[in-house]
Amino acid sequence: MSEFTAVVTGGNKGIGADLVERLLGQGYTVVSVARTAPEKSHPNLHSVEADLLDAQAVAAAAGTIAAEFDVTHLIHNAGLIWPNLVEDAKPEDITGLAQLHLGSALTLLQAALPNMKARQFGRVMFNASRAALGAPTRTAYSASKAGMIGMARTWALELAPHGITVNVVAPGPILTDNFWGIVEKDSPQQEALAKRIPVGRIGNVRDVTNAFLFFCDPENSFVTGQTLYVCGGASVGTLTI
């Protein structure tokens, strides 16, 4: 059994899949929690299938994980955007994304905490978004992603005495299926957006997983309650998609 066990939500594709692969390469046991299993297989990779929009399904998944694994790292990566203008936004959009982005993280953490506290070690991370600073068509998304930042800061204060750090990675535009669901792949819109980012390009999944690996590292115990914007400088000014 590996020394560290990481739970990665949304570990079946995109940023999550790359993070799973890199953690496995560093010798972690990894549990992917998503609606479908990862495409790859590995002796140290395990899959728990659950819809994180469903609070009862998350509770069942959390119970299974806590019974079978000694979790040391929780990385809440899963997310949805559900874009629309404010005139078309619905309260249920906020409720749904709050469960996905916030409620499911709380349930999974509560299940993992006894082991983390017993070890006096833990690493908890969120995949938030630059949109937490505000972005058109993101009423529910930016609200729930901003909520991640506030919740992480609170958890960081409560859990620091137990050797548990809590941090947030907040990506800007990243070339994933979520991005291409809004911006057509290799379109003039994508090219124009890249030119508006200070570093002159759109990010890739490796940019984001690099940041997560920093927060995962057991040696990085003096950084907690922080939000790292991985956005090519877009968080410094304004950016619209």
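Analyst: A search of the whole structure finds zero disulfides, a disulfide being a pair of cysteine sulfur atoms within 2.5 Å. Cys216 is in none, and the nearest cysteine sulfur, that of Cys231, is 20 Å away.

The model is predicted: local features need pLDDT of at least 70 and side-chain atom pairs pLDDT 80 or more, while totals for chains, interfaces and linings use all residues. Residues are numbered from 1 along each chain as its sequence is written, and side-chain values use heavy atoms, without hydrogens and water.

Next, the open space. The largest pocket has a volume of about 960 Å³ (a pocket is an open set of points on a 1 Å grid with protein on both sides within 12 Å along at least five of seven lines, and lining residues have an atom within 4 Å of a point). Its lining has 46 residues, and Gly79, Leu80, Ile81, Thr176 and Asn178 lie nearest the centre. By class, the pocket lining divides into 26 nonpolar, 13 polar and seven charged residues. Helix H1 (14-25), strand S2 (29-34), helix H4 (139-159) and helix H5 (177-180) each supply at least two residues of this lining (helices are DSSP runs of at least four residues, strands of at least two). H5 gives the largest share, four residues.

One cavity of 30 Å³ or more is found in the whole structure (in a cavity a 1.4 Å probe fits but cannot get out). Helix H2 (55-68) and helix H3 (91-119) are the elements that give two or more residues to the lining of the largest cavity. The volume of this cavity is about 50 Å³. Val7, Ala62, Ile65, Ala66, Val71, Leu74, Leu108, Ala111 and Ala112 line the cavity; nine are nonpolar, with no polar and no charged residues.

Strand S2, which also contributes to the pocket lining, belongs to an open sheet of seven strands in the order S3-S2-S1-S4-S5-S6-S7, paired in parallel (two strands pair if DSSP finds at least two bridges). Strand S3 (45-49) and strand S7 (227-230) stand at the edges with a single partner strand each, so one side of each lacks a neighbour in the sheet. The twist averages 15° from one strand to the next. S2 and S3 run parallel and are joined by five bridges; Glu49 in S3 is the bridge partner of Ala34.

Note on methods:
Points joined across faces, edges and corners; volume = space filled by probe spheres on them. Nonpolar A, V, L, I, M, F, W, Y, C, P; charged D, E, K, R; others polar. Axes fitted to C-alpha atoms, helices over the stretch in contact; angles between N-to-C directions.
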